[in-house]
Amino acid sequence: MSTLEIKNLHVSVETTDGPKSILHGVDLTIASGEIHAIMGPNGSGKSTLAYAVAGHPKYQITEGEILVDGENVVEMSADERAQAGLFLAMQYPVEVPGVSVSNFLRTAKTALTGEAPPLRQWVGDVKTAMDKLRMDPDFAQRDVNHGFSGGEKKRHEILQMELLQPKFAVLDETDSGLDVDALRVVSDGVNRVHQDTGLGVVLITHYTRILNYIKPDHVHVFIGGRVAESGGPELAATLEAEGYDKYAPVSA
Ligand code: ADP
Ligand code: MG
Ligand code: MG
């Protein structure tokens with residue numbers, strides 16, 4: 001049983017005009033086996049929260065804490081945070097030309113565990129995980145995200161999650177740009193890891209559609225860099241019907 005605690009998190013991003021304050025005191029606690037949906041309009045700071053948790057160097061934590069099992073990870077690098085059990089599936093995954101999916105995954109696993117996984121077992125694990133995500137075996141030899149369709153990029157993020165076995169995953173709009181078949185495959189992947197390993201999930205989404213496939217225990221409405229309201233799954237239905245208009249944006 002693990003916990004991810006985000007306490008009074010304030011985050012600024014580096015811009016050409018200097019630092020810009022985006023998150024203004026976010027509090028969230030996620031336990032193993034829980035699924036928390038974070039919903040909010042464009043520009044409300046959802047991706048900033050994801051990057052700040054994962055340790056993107058451009059996103060400065062100016063106040064507050066991020067604790068994994070009580071240990072503050074704020075001073076840790078992105079690699080160290082991955083070792084602490086955090087995983088981010090990015091909204092816009094980056095291309096890594098010249099590096100195959102297969103090599104990328106093995107390097108990531110090696111960095112995480114400190115030793116290269118035995119090759120034969122690893123090849124089998126990758127194949128099994130790719131089969132479950134209905135990915136063509138040829139995919140393993142393609143360059144990471146290079147020329148991938150939107151759906152392939154998102155499957156690749158979930159493939160990493162399956163193989164790296166984090167304690168907590170932040171999934172940033174993993175549903176965006178997916179057709180209904182891809183959405184089902186990706187959602188099944190998340191649910192499988194959640195059930196098999198007790199993964200705690202922070203599911204960032206703009207739309208309620210994915211919540212038909214991945215059932216959240218808690219729903220948080222994110223407005224102007226803060227959590228404006230928290231509730232159970234019923235809150236998603238209210239948002240679907242009423243939108244975000246009733247939440248006046250909070251000025252920075
Ligand atoms: P969301 O994911 O909810 O759409 P973001 O976290 O991407 O929101 O963005 C929140 C706000 O921070 C927006 O106004 C956005 O323009 C700004 N922002 C985020 N990242 C950067 C950046 N690297 N440089 C400048 N502004 C940024
Ligand atoms: Mg659960
Ligand atoms: Mg975003």
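In which sense do strand 3 and strand 10 pair, and over how many bridges? Select strand 3 (residues 35-39) and strand 10 (residues 200-205): they run in the parallel sense, with five bridges between them. Here strands are DSSP runs of E with at least two residues, helices are runs of H or I with at least four, and both are numbered from the N terminus. Two strands count as paired if DSSP finds at least two bridges between them. For one such bridge, pick histidine 36, whose partner in strand 10 is valine 202.

Before moving on, note that this is a predicted model, in which local features need pLDDT of at least 70 and side-chain atom pairs count only at pLDDT 80 or more, while totals for chains, interfaces and linings use all residues. Residues are numbered from 1 along each chain as its sequence is written, and chains are lettered from A and ligands numbered from 1 in the order in which they are written.

Now widen the selection to the open sheet of six strands, ordered 6-9-10-3-11-12 with mixed pairing. At its edges are strand 6 (86-89) and strand 12 (226-231), each pairing on one side only. From one strand to the next, the twist averages 20°. Angles run from 0 to 180 degrees between N-to-C directions, and axes are lines fitted to C-alpha atoms, for helices over the stretch in contact.

**Helices on the sheet**

Next, colour helix 5 (residues 150-164) and helix 6 (residues 180-197), which pack at about 10° with their axes 10 Å apart. The two helices are therefore roughly parallel to each other, a label for angles under 35 degrees. Residues are in contact if their C-beta atoms, placed from the backbone, lie within 7 Å. On the helix 5 side, the contact includes Ile158 and Met161; on the helix 6 side, Val186 and Val190 are among the residues met. The contact divides into seven nonpolar, two polar and three charged residues. Nonpolar means Ala, Val, Leu, Ile, Met, Phe, Trp, Tyr, Cys and Pro; charged means Asp, Glu, Lys and Arg; the others, Gly among them, are polar.

**The hairpin**

Go to strand 1 and strand 2, which run antiparallel and are joined by 11 bridges. A hairpin of two residues links them. Serine 12 has serine 21 in strand 2 as its bridge partner. Also in strand 1 is asparagine 8, with a positive phi near 50°.

**Around ligand 1**

Select ligand 1 and the 13 residues around it; Gly43, Ser44, Lys46, Ser47 and Thr48 come nearest. A residue is near a molecule if its C-beta atom, placed from the backbone, lies within 6 Å of it. Strand 1 (3-15), strand 2 (18-31) and helix 1 (46-54) each give two or more residues to the shell. Helix 1 provides the largest share, three residues. The shell divides into two nonpolar, eight polar and three charged residues.

**Last stop**

Finish at glutamate 173, in the loop between strand 9 and helix 6. Glutamate 173 has a positive phi of about 50° although it is not a glycine. Is glutamate 173 buried or exposed? Glutamate 173 is buried, with 21 other C-beta atoms within 10 Å; buried takes 20 or more, exposed 12 or fewer, and partly exposed lies in between, with C-beta atoms placed from the backbone.

Methods. Angles under 35 degrees count as roughly parallel, over 145 as roughly antiparallel, 65 to 115 as roughly perpendicular and the rest as oblique. Two residues are in contact if their C-beta atoms, placed from the backbone, lie within 7 Å.
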